[in-house]
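Visitor: Here is the structure I would like to go through. Can you take my questions one at a time?

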Amino acid sequence: MLREDGFGSGSTRDRAVDGATVNGDAPLTNGNPPIRIGVYVCHCGTNIARTVDVEQVTEKAGELPNVTVARDYKYMCSDPGQEMIKEDIEELGLNRIVVASCSPNLHEETFRGATAAGGLNPFFFQMVNIREHASWVHEDRESATEKAIDLVRAAVQRVRHHRALETRRVPIRPEVLVVGGGIAGITAALTLAHAGKHVYLVEREASIGGHMAQFDKTFPTLDCAACILTPKMTQVKAHPNITLMTMTDVVKVEGFVGSYEVTVKHRPRYIDVSLCVGCQQCIDACVYKRGKFEDEFDVGLSKRKPIYLPNAQAVPQVVLIDPEQCIQFSSGKCKQTCLEACDRDAILFDQEERVETLEVGAIIMATGFQTFDARRSPHYGYGIYPNVYTALEVERLVNASGPTGGEVVLRDGEKPTSVGIVHCVGSRDQKTNPWCSKVCCMYSLKLAHLIKEKTDAEVYNFYIDIRTPGKGFEEFYQRVAAEGTHLIRGKVASVYQQADGDGELLVDVEDTLAGMVRRIPVDMLILAVGLEPRADAEEVRRTFNITCSGDGWFMERHPKLAPVETFTDGVYLAGCCQGPKDIPETVAQAGAAAGQALALIDRAYIELEPNTAHVIAEDCSGCKTCIPLCPYQAILHDDAENRAEINEVLCKGCGVCVAACPSGSIVQNLFEDMEIYEEIEGVLAYA
Amino acid sequence: MKKLAYYPGCSLKGTGRAYDESLRAVFEVLGEPLEELDDWNCCGATSYMSIDKREAYALASRNLALAEREKADLLTPCNACYLVLEKTRRHLADSAEMGHRVRRALDAVGLSYEGDVRIRHPLEVLTRDVGEERIKEAVKEPLKGLKVAPYYGCQIVRPYATFDDQYHPQTMDRLLKATGAKVVPYPFKTRCCGASQTGTLPEVGLHLVYRLLNEAEARGADVLAVICPLCQFNLDAYQSQVRREYDLEPIPILYFSQILGLALGIPAKKLGIDRCVVSANRVLERRAAHAA
Amino acid sequence: MRPNIRTEADRSPEFARWITSLPGAEKIQECMHCGLCSASCPLFAYMDYSPRQLMHLGREGFEADVLGSFTIWLCTSCYQCTVECPRQIPVTEIMYALKRRAIEEGVYTEHLPIPILAREFQRMVAGGIWSARDDSRFVRRPSGVDGI
């Protein structure tokens, strides 16, 4: 795919352009053909043309030295736009190309391709961003146009010094790391495993399954979450291509696309996973006769012992011990009845944390979400009034395998007769989270339906807007409305527990459609808590070197065209870590992420941007200044020759060594001194 | 602790005199006697703000300037004064235009304000600076068995929650507990007392007062503790009128400082308890019974 | 009774611009009508327009409806609406501004003494009518106030 074009190549010392010979407008010959530059200014529809006078930019560009042709066009990235470049190269003998359009992130590849299609080395090309850097960020047309002209001039001056470069290929490891074992991680892992790739599925909790495992029915079809999820979970466990690691955290990620080194830490569960069969005799034998500690899976609605199975459908079906609660750990003086009960000797009080390094070619982030902490909206009295619940708690109540066996009852065991569901708790609120959490309307309607079915209670849904855009969603809304659920448009303002009302709550809400405030007694108030980024999302994003958007969700590379990619090559996103999603969307995105990872791996190699640095051996004094500065450990010292050597496969082109080298003997491709000086001069040469 | 300039505000010189008396007595006993800000003026309250915003800010800022001259923070017991002064302080810091106008006005009378005054409330000073431990030690006559409903009113926690929780304020609860009294749950801690509507639209204001009194009764409170002179006035002085319309037992309305003062062994007379419209005898009897 | 229909002639774009240009009040444009302001208002029961409706009428420029509403005179500035609003609309401060404008324009609702009370209070403080009395420094007009 790369072509040598017959000039500009050669060793670094034998440069096509020697700084000394370039003077102002003097043609850059030095034995090579004269520089002939083509400049192409894009309208980007009206994105650029609305604010930047593209005709003027084109006209000015045409007057610059060495510019053979300058044209403007509606969409440079279109086929005719690219064809124009190609034809000009062939017909006008161009040997440098400048395109002034959008961000290189979007179309650098496109125009390098067009340059190559015309028969040039693709690195005889320079891109100018007059959209994000000019038209989109300025209002004044005249100034924006002047800025665009300056930027184009800088590129024209710089591109004269470009050299032909070759990209390097590095192999891609076929293994994939999937971080998070909810429905997103499970789907991605199974897709890859079915395609024959090896997957490391890392889960922080003791079982995979994530939030979906806690749900009872799924909207809008009301099929049972466990029935559709559990088979997938067992498939994960059984699949020969999946290495499942629970109670495991990723602590360090090194390397780059195709060749990541991931350090994981296995926290001790004090059980030998290979021996335990989940018979639970140890739990029966525990010195605690009854559960004493809040069960996390039941969101605190039931109690468990210090040795426990995460939940009935847990995968792996293996118990674990909480050392904070187990008497053996706190006092060292437990009778250890569990140890006696285990005939497989699977209990290991002295199990220690273990660190392991995995080598993978790609990473899929499926770390999920957390629900909004209802205590942050204190006017609803969650944590104060016992009859105020979060939706996740009620999911457990309606669940047949939940703490009440699927009975919707209050904490005192009574069936509620009047239930209120407050939508948008911790959503659409500048004081907490401004976004719409997307799933709450539907799950609130689902809970309304299930509660009506199980209790005959009056159910009130207090909503701001009902949002049901999804297949079968609106029909479900219609069905729940027809069942007689009260749909009251207004957000509950206050909750008040009467002094002598048996825990009955009075809620005040404006029925905005009627224009009156209503005071409604309920004996159960459910807060439809929103979805938010996990508390440690920021830390995780640093570990994986990806970005978060302002609201804290992991950021996709492009909101429309690259929704599962990140700005870090080889790291993909699946599920709610990227933003609120329902189950079908999560599954679809996980499939897409797996597909992207497969596309990467099956290419077997990747081409690296040739913007790496190299040492000019005869100038290097062997001072080693650069070695500790390199963030990628890409520089070694050749003791025999006493000089530095840069491993161009590891080099990411950050330029730190180039700037630090006291003898100026390190050069970076695409960022050579003359290229930078000329660019600066160009941008400052206010015409 | 930075020096405090006591800013009683108009109400404490009039209907809220008992608040002034009891605060002075309590701080005296705790070894932190109050020093009144010299030459202070009206904060403007909500009414002035309804007429002219600039003048209202200028009026309030004069007190900030006076305190700054004395290198003191303002100690402000009245909810309305507290909010007006705090709002003014913030507004002068945030709005360059208003800051400029107000400074010009202050300059005309030889005053200046650089922004170095905090607005503090006795609840904050007593819980944070003095501390409950010191108060507990100073309690001579614990109010064991006295059931108190703590009522904070609106403007002390809204719109700014400066030293206490906006929805579930705790500082007065803690002080009352330090006296040995039992604090009953009172969900209407920060609900509106009706403010001046008791006078302007009696049927509206009285209903709001009724809800507060009724709730205290439902929670089994012997006394309602308040921190705002307007709340005290509404709940106390209008109580007989409310009781003509609604079925309610009389309930005394005391400033938290009066209750605290009783526990510290200060004579009722010195705490202005006889100024209550609704007799506070049941509280005094409780103390007497305990002492005996 | 005023007929329950309004034409575009009833709207004052100037009033809409004025109300949304009050500090923080541009957020009225973002109101999603959740009704938290109304339902949290202790005086709601006695209002003709709910605070939510009033904000909306203001944004649409129905000046006569807004300034003629006695809702603004019922506001006790307890700030419940302000702290509840998910869009952070400074409802209480807007109520203050509406009171000021109503007084400036002489729009008094007939049966309510509140604007008169406010006016008199302000005159009393600003005019220092009791300033001769010893114990009344709180109502003395601080010199310099009229300098602004």
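The questions and answers below go through this predicted model.

Visitor: What share of the 687 residues of chain A counts as buried?
Guide: Start with the make-up of the chain. Chain A has 18 helices and 34 strands. Its C-alpha atoms fill a box of roughly 95 × 70 × 40 Å along the principal axes. Of its 687 residues, the share that counts as buried is 46%.

Visitor: What percentage of the contacts in chain A with a separation of 6 or more joins residues 24 or more positions apart?
Guide: Take the contacts in chain A with a separation of 6 or more. Then pick out those between residues 24 or more positions apart. They account for 70%.

Visitor: At what angle do helices α12 and α13 of chain A pack?
Guide: Two packed helices are described by the angle between their axes and the distance between the axes. Here α12(A) spans residues 440–455 and α13(A) spans residues 473–482. Their crossing is left-handed. The axes lie 10 Å apart, and the angle is about 35°.

Visitor: Which residue of β5(B) stands opposite B:K147?
Guide: Look at strand β4(B), residues 147–151. It runs parallel to β5(B), and 2 bridges join them. Opposite B:K147 stands B:K182.

Visitor: How many residues does the largest nonpolar core have?
Guide: Nonpolar side chains tend to be buried together in soluble globular proteins. In the largest core, the residues with the most contacts inside it are A:I364, A:M365, A:L527 and B:A225. B:A225 touches residues including B:V148, B:Y151, B:M172 and B:F256. Apart from this core lies another of 46 residues, among them A:I35 and A:F125. The largest core has 281 residues.

Visitor: How many residues on the side of chain A that touches chain B are charged?
Guide: The contact takes 6 residues from chain A and 5 residues from chain B. On the chain A side, 3 are nonpolar and 2 are polar. The charged count is 1.

Key:
Residues are numbered from 1 along each chain as its sequence is written. Chains are lettered from A and ligands numbered from 1 in the order in which they are written. This is a predicted model: local features need pLDDT of at least 70, side-chain atom pairs count only at pLDDT 80 or more; totals for chains, interfaces and linings use all residues. Two strands pair if DSSP finds at least two bridges between them. Helices (H or I, at least four residues) and strands (E, at least two) are DSSP runs, numbered from the N terminus. A nonpolar core is a set of buried Ala, Val, Leu, Ile, Met, Phe, Trp, Tyr and Cys residues joined through C-beta atoms within 7 Å. A residue is buried if 20 or more other C-beta atoms lie within 10 Å of its own, exposed if 12 or fewer, and partly exposed in between; C-beta atoms are placed from the backbone. Two residues are in contact if their C-beta atoms, placed from the backbone, lie within 7 Å. Ala, Val, Leu, Ile, Met, Phe, Trp, Tyr, Cys and Pro count as nonpolar, Asp, Glu, Lys and Arg as charged, and the others, Gly among them, as polar. Axes are lines fitted to C-alpha atoms, for helices over the stretch in contact, and angles run from 0 to 180 degrees between N-to-C directions. A crossing is left-handed if the near helix is turned anticlockwise from the far one by less than a right angle, and right-handed if clockwise. Lists of a residue's contacts leave out its neighbours within four places in sequence.
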